[in-house]
Structures are given as C-alpha cells and as structure tokens.
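Here are my notes on this model. Please read them with the structure open.

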Amino acid sequence: MSIYSEQPPTGAADAVWRITVDGTITYTLPLSPAAQAINTGIMEESTASVEAYIEPETHAVVCPECGADHGLIAEGNWRGDVPLRLLCPAGHRWTPRGADPDFGRGLMRQIILDVSAA
Ligand SMILES: [Zn+2]
C-alpha cells in the first residue's frame, strides 16, 4: 500500500477521514530540477562530488496562526476531492499549501496510511 494506490487501506476512496495525528505531521518537498540534476550527476554519472548531494528538506506542519505542531486533526479523503483541512488544538482551521491540491491529497494519504499501520 502506498500513497499512489487507487484505494485506501480500508473504506472507500471518497470516505472522509477525521484523524487526530499523534506527534507531528511532516512532509518532504520535491527537489528543484537543478537539485535533481546535481543528484543525478552524483548517482549515475559521477559528474559531481558526493559532498554536493542535496538532501530533500523535511518540514513539520505548523498552525499558521499559533504555531501548534502537535495534536492536529486532519480531515480529508483518499481521492483528494475533499481538500485536506487541518484543525489545531486552539481551533484554527486551514488548508496547508491550499494552492496545491496534489500536496493536500498526498499528505492526507500519508496520514491515512500512518494511522492504518498503527
Ligand atoms: Zn492554531
């Protein structure tokens, strides 16, 4: 089971989940094309030194209003047609990277997989 599967581990793809996340929610942004080119050069072509390898950065999701990074509740579905919404313990709601629905769907799928594996 991966975030690329058509179906969630349990339930229907359009079922809306409401998950209280234990710990922080983290995500990794894709590398820029320039960074990917450097890494490809190191891994496949040896055109750059290993020290130049660029690690993707992992970020924690934080409430944009109060900075909370624990006790967040995620609401959304596997299919992603219900935009991911997050709720912090202080009651703030937001859609992370709201202009990027693929980001929200991927993050919600990861949260569903994490809670299903627990
Ligand atoms: Zn908040």
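1. Start with one pair of residues. Tryptophan 17 faces glycine 76, and the glycine belongs to strand S4. Keep in mind that this is a predicted model.

2. S1 runs antiparallel to S4, which covers residues 73-77. Five bridges join the two strands.

3. A helix lies against this region. H2, residues 101-117, packs on the sheet and touches both S1 and S4. The directions of H2 and S4 make an angle of about 110 degrees.

4. Now the sheet as a whole. Four strands make it up, in the order S1-S4-S5-S6. The sheet is open, and the pairing is antiparallel. Which strands stand at the edges? They are S1 (16-20) and S6 (93-94). Each has a single partner strand, so one side of each lacks a neighbour in the sheet.

5. The protein has two helices and six strands. Read from the N terminus, the order of elements is β-β-α-β-β-β-β-α.

6. On overall dimensions, the C-alpha trace spans about 50 × 35 × 30 Å along its principal axes. The protein has 118 residues, and 18% of them count as buried.

7. Last, contact range. Take the contacts with a separation of 6 or more: 56% of them link residues 24 or more positions apart.

Methods:
Residues are numbered from 1 along each chain as its sequence is written. This is a predicted model: local features need pLDDT of at least 70, side-chain atom pairs count only at pLDDT 80 or more; totals for chains, interfaces and linings use all residues. Two strands pair if DSSP finds at least two bridges between them. Two residues are in contact if their C-beta atoms, placed from the backbone, lie within 7 Å. Axes are lines fitted to C-alpha atoms, for helices over the stretch in contact, and angles run from 0 to 180 degrees between N-to-C directions. A residue is buried if 20 or more other C-beta atoms lie within 10 Å of its own, exposed if 12 or fewer, and partly exposed in between; C-beta atoms are placed from the backbone.
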